[in-house]
Amino acid sequence: MSSDPWGRVDETGTVYVRTAEGEKVVGSWQAGSPDEALAYFERKYEGLVVEIGLLERRVRTTDLSAKDANAAIAHLREQVDAHHAVGDLQALSERLDKLAETVESRREERRAAKAKQSEEAKSAKVALVAEAEELAGSEQWRSAGERLRALVDTWKGLPRLDRKTDDELWHRFSHARSAFSKRRKAHFAALDAQREDARKRKEKLVAEAEALSASRDWGPTAAKYRDLMTEWKAVGRAQREHEDGLWQRFRGAQDVFFQARGEVFAERDAEQRDNLHTKEQLAEEAEKLLPVTDLKAARAAFRSVNERWDAVGHVPRDARPKIEGRMQAVERALQEAEEAEWRRTNPEARARAAGLTGQLQDAVDKLRGQAESARASGNTAKAEKLEKELAGRQALLDQALRGLQEFGG
């Protein structure tokens, strides 16, 4: 007979394992010595130890489901309870008990995490619904429409809730989007109707203006044209494809009338010619302010000229565009000088210009190095291609450097 702390073999070859409840028969061994019998069943015990250890590791380090983990525990427990191994079976049973507790604890944690995720998803969807319902009443058609599309994408990225809750929230969400879409369509349909109405009314105004263009009743007709202009402005815009053409016809009819009236009033133009002479002198005075060297002084001087200009009466109609254009050119030059001064003193613009110049300089240096390397290696085609690209980048760099000089550096 042979034995060890956890088992023994009797003289008949029967192998026993010692447990808290007493000895249990493990099996019968007739193929060799008692020591070999014990070694065989001890190896079976070690195999169970390895399998339990592997299962413990899987539970600890993977996302093994509770169902699969419990099935594996039950399978191992059957082997332990069958007493077909020699070793501390009680310790194995306790490990399996502890592992079962761990699996159950993880199951509860997952349930809690899933419940939390579901609650967070519900809160997020409720917030989306609330925002959609608020946007449903918006008249910011473009921004609200874009935001609603973004909300749909956000919704699609959230987990589904229970069917009843999810369907109810989606119904509200979808209803809000539909309500906004209907209001937007109605708005633009009404806008189209308004523009069509404006087109029809402006057609009538154009017809009236054209009918008056041949009138020689100067005072009343001029007053009528003023009334037509007031009505034109009150009508609102027609469709884009009609608005410009209608305005050209309307304005053209007025020009015909007023040009005819101007010809009749030619004898009154003497005063206007004097005014023109005065304004030409003022325009000359203003033009001497250019080029602008002292912006503050130039602006003050132009203000003085402009005040005297406004005090002068009308000039002949045909001379008005040219003489006014001269003053406008000076005013534009002053404005450009102000803008240039602003740009010159604008640190953000200078920083952007400097950054661009630096990038272009790096690109030029890199291309020059590549071209030189290609030519040195005998690759003429590649070198010529790189040199063409280098010339283009160098031109951009030169332009950027000139722009940077405008900032005083």
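A salt bridge is counted here wherever a side-chain nitrogen of Lys or Arg lies within 4 Å of a carboxyl oxygen of Asp or Glu. By this criterion the structure holds 23 salt bridges. The model is a predicted one, in which local features need pLDDT of at least 70 and side-chain atom pairs count only at pLDDT 80 or more, while totals for chains, interfaces and linings use all residues. Residues are numbered from 1 along each chain as its sequence is written, and side-chain values use heavy atoms, with hydrogens and water left out.

Helices (H or I, at least four residues) and strands (E, at least two) are DSSP runs, numbered from the N terminus. E56 and R95 meet through their side chains in a salt bridge of 2.7 Å, N to O. This pair links distant parts of the chain, with E56 in helix 1 (residues 34–61) and R95 in helix 3 (residues 89–135), 39 residues apart. At 28% relative accessibility, R95 is partly exposed.

A salt bridge also joins the side chains of E131 and R147 (2.7 Å, N to O). Here the two distant parts of the chain are helix 3, which holds E131, and helix 4 (residues 141–156), which holds R147, the residues being 16 apart. Both partners are partly exposed, E131 with a relative accessible area of 26% and R147 at 36%. Further along, R375 and E387 form a salt bridge of 3.0 Å, N to O. R375 belongs to helix 11 (residues 347–376) and E387 to helix 12 (residues 380–405), twelve residues apart. R375, at 40% relative accessibility, counts as partly exposed, and so does E387, at 32%. Elsewhere, salt bridges link E196, R199, E203, E210 and R249 into a network.

Attention now turns to the nonpolar residues. In soluble globular proteins, nonpolar side chains tend to be buried together. A nonpolar core is taken as a set of buried Ala, Val, Leu, Ile, Met, Phe, Trp, Tyr and Cys residues joined through side-chain atoms within 4.5 Å. The largest such core has 26 residues, of which V15, L55, V59 and L92 touch the most other members. Two or more residues come from each of strand 3 (14–19), helix 1, helix 2 (66–81) and helix 3, and the largest share, eight residues, comes from helix 1. Contact means heavy atoms within 4.5 Å. Leaving aside residues up to four places away in sequence, V15 touches R8, V9, K24, V25, V26, G27, W29, A37, L38, F41 and V86. Apart from this core lies another, of 19 residues, among them L205, A222, F257 and F265.

A66, A69, I73, L76 and V80 of helix 2 are buried. Seen down the helix axis, the buried residues fall within an arc of 95° (taken from the directions from the axis to the C-beta atoms), so they line one face of helix 2. These buried residues pack against helix 1 and helix 3, whereas the face turned away from them carries the exposed K67 and E78. In helix 3, S93 is buried at 16% relative accessibility and touches R77 and V80, not counting residues up to four places away in sequence. Just after helix 2, H83 takes a positive phi of about 55°.

Finally, there are the aromatic rings. Rings of Phe, Tyr and Trp (its six-membered ring) pair if their centres lie within 6.5 Å; planes under 30 degrees apart count as stacked, over 60 as edge-to-face and the rest as tilted. The whole structure contains 14 aromatic pairs. The W218 and F257 rings have centres 5.5 Å apart and planes at 45°, so the pair is tilted. Because W218 lies in helix 6 (residues 218–235) and F257 in helix 7 (residues 240–264), this pair ties together parts 39 residues apart in sequence. W218 is buried at 15% relative accessibility, and F257 is buried at 0%. W232 and F250 form a stacked pair, 4.4 Å centre to centre with 20° between the planes. W232 is in helix 6 and F250 in helix 7, 18 residues apart; W232 is buried at 5% and F250 at 0%. Ring pairs also link W218, Y225, F257 and F258 into a cluster.

Definitions and conventions. Buried means under 20% relative accessible area, exposed over 50%, partly exposed in between (1.4 Å probe, protein chains only).
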